[in-house]
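Please read them with the structure open.

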Amino acid sequence: MTAQWLRGPGLGDRPEKGKGEEVRWKKLGEPTWQVARSTSTDFPDPEKRGMPRWSLSRVRWKELEAGKEYVFQVGDSPEQRFRTAPLDMGEELIFAEGGDSDSTQAAEEMLTLACQKNPLFFSLGGDISYSDGKDVAREIRFWEMWHRVAQGTDGKLIPLVPGIGNHEVQGGYWQEGATFEDMKKKAPFFFALFGGLYQRDEPIGMDFGNYLSLLLLDTGHITPMERQTKWLEKNLAARKSVPWVFVSWHIACYPSARTWNAQPMSGYARSEWIPLIEKSDATAVFNHHDHDMQRVESEGKGGRKVMVLGNGSIGVEPREARCAESIPLRKAYAQENYINVIKLKKETVEVVTLSRMGRELDRLELKKRAAR
Ligand SMILES: [Fe+2]
């Protein structure tokens, strides 16, 4: 588990250079505290508006026990709690998902709604703060909001699983000839915050015990899509025995506000990634980027159809759909803000799609491959 917090104007004194902050922590119920020190680095400020003002503090725990609650305290700040993922799923387990947030009133409401369902984590599939890798004030505004909303009903912190979108990157997309190191510099906030997870020029496979895996791909923002296809095939095959596997990326392969081939990434994902997922036992796909709620069933070229839940609208202004080819594939649609609450059970998964004020837009049940 990694905890990160920002310091600087409005966010508490920056720790002295090289010193970090004292963090007391323990497993809930244990009598004695352990002491760690945070690391601290300057938070990027690419537009260099004045002095580098903010710093990022971090403490990283390794080898925590699965399925436990932990408490920690930074200096004399209030105590915070989190829970680690269980080793076995148990009867049911909830996570939440969405994309395209920003720090609007709608985003604050929708993320609060999601976190109040007490998910194990929130998976945010790109376009987090809309800072475009440049605007440090806008980036910090998002994390201030996240700090306000990312708590369950009992106050426990809800971890974030970050995905990358075009608005994390200066210019939005990988550029011909650019190396991974070149592109990391174009997404300075994302890599300052999540470089520990995104260490290599390849997608992320995140496994929770033997019951849940998330595969997080990049629709050409830091790395070209073509480089990830073999990885996807291999990593789907490696998780054949995992009952629940979700694949997430940013740009919708079945567009809604954009047209069918407005972006080549949509066509590439439809022709190369979706058939691999159809051939596998994966449960469903999460898409984003077009700013509305559209659930489609894939075309089935790989032998079965999979649900693709999109298209990213946590806190942005919902757009009007104009993609004619997606309409026949649609199973649900609403020009609304939404988050998905995914409840894993032994044999089924229930996905409930909620809009503002908790209004239900869509609900579906997914079954394990063997039971399909
Ligand atoms: Fe986007």
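1. Two strands pair if DSSP finds at least two bridges between them. Helices (H or I, at least four residues) and strands (E, at least two) are DSSP runs, numbered from the N terminus. On that basis, β11 (residues 204-208) and β12 (residues 212-216) pair in the antiparallel sense over five bridges. Leu214 in β12 is the bridge partner of Met206. The two strands form a hairpin with three residues between them, and Gly209 in the turn has a positive phi of about 50°.

2. This is a predicted model, in which local features need pLDDT of at least 70, side-chain atom pairs count only at pLDDT 80 or more, and totals for chains, interfaces and linings use all residues. Residues are numbered from 1 along each chain as its sequence is written, and side-chain values use heavy atoms, with hydrogens and water left out.

3. The protein chain has six helices and 20 strands. Its radius of gyration (taken over C-alpha atoms) is 20 Å, close to the 21 Å that the globule rule (2.2 Å times the number of residues to the power 0.38) gives for 372 residues, so the chain is as compact as a globular protein of that length. Along the principal axes, the C-alpha atoms fill a box of roughly 60 × 45 × 40 Å.

4. Of the 372 residues, 56% count as buried; buried means under 20% relative accessible area, exposed over 50%, and partly exposed in between (1.4 Å probe, protein chains only). Among contacts (heavy atoms within 4.5 Å) between residues at least 6 apart in sequence, 68% join residues at least 24 apart.

5. Which residues coordinate the iron ion? They are Asp127 (OD), Asn166 (OD1), His250 (NE2) and His289 (ND1), at 2.0 to 2.3 Å. Donors are N, O and S atoms within 2.8 Å of the metal (3.2 Å for Na, K and Ca); water is not among the atoms, so sites may look incomplete. Asp127 lies in the loop between β9 (122-125) and α2 (136-149) and His250 in strand β13 (residues 244-251), so this pair ties together parts that are 123 residues apart in sequence. Asp127 is buried at 0% relative accessibility, and His250 is also buried at 0%.

6. The angles subtended by the four donor atoms run from 89 to 162°, which makes the arrangement irregular.

7. Asp362 is in strand β20 (residues 360-367) and Arg295 in strand β15 (residues 293-297), so the pair ties together parts 67 residues apart in sequence. Both residues are buried.

8. Arg53 forms a salt bridge with Asp45, the closest N and O atoms being 3.5 Å apart. Arg53 is partly exposed at 29% relative accessibility, whereas Asp45 is buried at 6%.

Conventions. Tetrahedral: all angles 85-135°; square planar, octahedral: opposite > 155°, others 65-115°. Salt bridge = Lys/Arg side-chain N within 4 Å of Asp/Glu carboxyl O.
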